[in-house]
Amino acid sequence: MTQQNTTAVLTPDLARDEQMNAESNRLSASASVAQPASATPQAPSAKAAPQPKRVGRLSEAKRFKIFSGEANKPLAEEVCKIIGVPLGETRMQRFSDGEVYFQLLENVRGADVFVIQPTCFPVDQHVMELLIMIDALKRASASRITVVIPYYGYARQDRKDRPRVAISSKLVADLLTTAGAHRALLVDLHAAQIQGFFNIPVDHLFASPVLVGYFRELNLPDLTVVSPDAGGVERARFFAKKLDVPLAIVDKRRTDINVTEVMNVIGDVQGRTCLILDDIIDTAGTLVKTVDALLAKGAGKVYACASHPVLSGPAVERIANSRLHELVVSNTIPLRPEAQAIGKIKVLSIAGLLGRAIESIHMETSVSTLFN
């Protein structure tokens, strides 16, 4: 008796059950028979739609690499640890005459590459390293090269303040662009208009979230934020607003390169705790004279903070011998051993800030939200 004759007398429900049982038996039988090795595999009758793979890290979604020069490799390693990607492998050597030899030890073709290199002391050497690294990445067919410069050297030479002088800040920007950089990520420029020197997109970060957070935790009594010169008033005003404290200004007159003379203190600092805010501390001449001027006006205790601890020449000795209570800086520039040895300097890390900015640039999201 055939199945067709039987089906003709079944009710609709029984017919449906019978068909389902028959289909199940047929599939079970076909699965139990082994396919010969030479047999042509049959296409499945219904293929399930592929499920999207969950992306655990940025580099799995899109090729994403971070490299570092020799200027501040600990900062680059910390950034990589926060993001969750390994630091790219390179070889950096020097010939006996001082020439730089650089080689990438991994493939970067089509990759979104970030190069972390502050142009700190020795400035010219680190600038040249960065240019050579960019050129190597360009010739290795990197898809996009972003230079991450926590400290931008030559930033103070941003205008013609005297006859027949160079605007070196613009020159360095042109060199980076010509070498092959597609984008720049900078931290606390000496003058915000330096962004206009670049013909490529620039993201300007500020170390203030890290510094403000530290002083909020200290909760210093009767705090007043002090700008060491008129040029830093906007920066100090922003800082004072975040801490909700008063602002004072020190009027200074520069008599020569790296030589300053404090003239007057504008604002009430009598009996108050003062916080001097600057972007760069170089020879510390301005800092020490500002401390003395504030204490002479009756300030109780003086702190200072800066984004970039250049600390060249006699800076460390001046800070150690000054009446400054504490100097708080970021790690855009690695401290020299003699600076680490004195107990007045505290270093805060901006690796988290850089890491979040790099993630935002890579994922094409807003960087400005980091400061909201």
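In this predicted model, A299 counts as buried, with a relative accessibility of 8%. The residue sits in the loop that links α9 (285–296) to β12 (301–309). Leaving aside residues up to four places away in sequence, A299 touches V269, G271, R272, C274 and L294.

N72 is found between β1 (64–68) and α4 (73–83). Is this asparagine, N72, buried or exposed? With a relative accessible area of 4%, N72 is buried, because the cut-off for that class is under 20%. The side chain of N72 reaches the backbone oxygen of T332 at 3.3 Å. T332 is also among the residues that N72 touches, together with P118, N331, I333 and P334, when residues up to four places away in sequence are not counted.

The protein chain holds 12 helices and 14 strands, and 44% of its 372 residues are buried. Among contacts with a separation of 6 or more, 63% join residues 24 or more positions apart. The accessible surface of the protein chain comes to about 20,300 Å², and carbon and sulfur atoms account for 51% of that surface.

Technical notes. Residues numbered from 1 in each chain as written. Predicted model: local features only at pLDDT ≥ 70, side-chain atom pairs only at ≥ 80, totals over all residues. Heavy atoms only, no water. Helix = DSSP H or I, 4+ residues; strand = E, 2+ residues; numbered from the N terminus. Buried < 20%, exposed > 50% of the residue type's maximum accessible area, 1.4 Å probe, protein only. Contact = heavy atoms within 4.5 Å. Areas by Shrake-Rupley, 256 points an atom, 1.4 Å probe, with all protein chains shown as cover. Polar contact = N/O pair within 3.5 Å; in protein donor to acceptor, adjacent residues only side chain to side chain.
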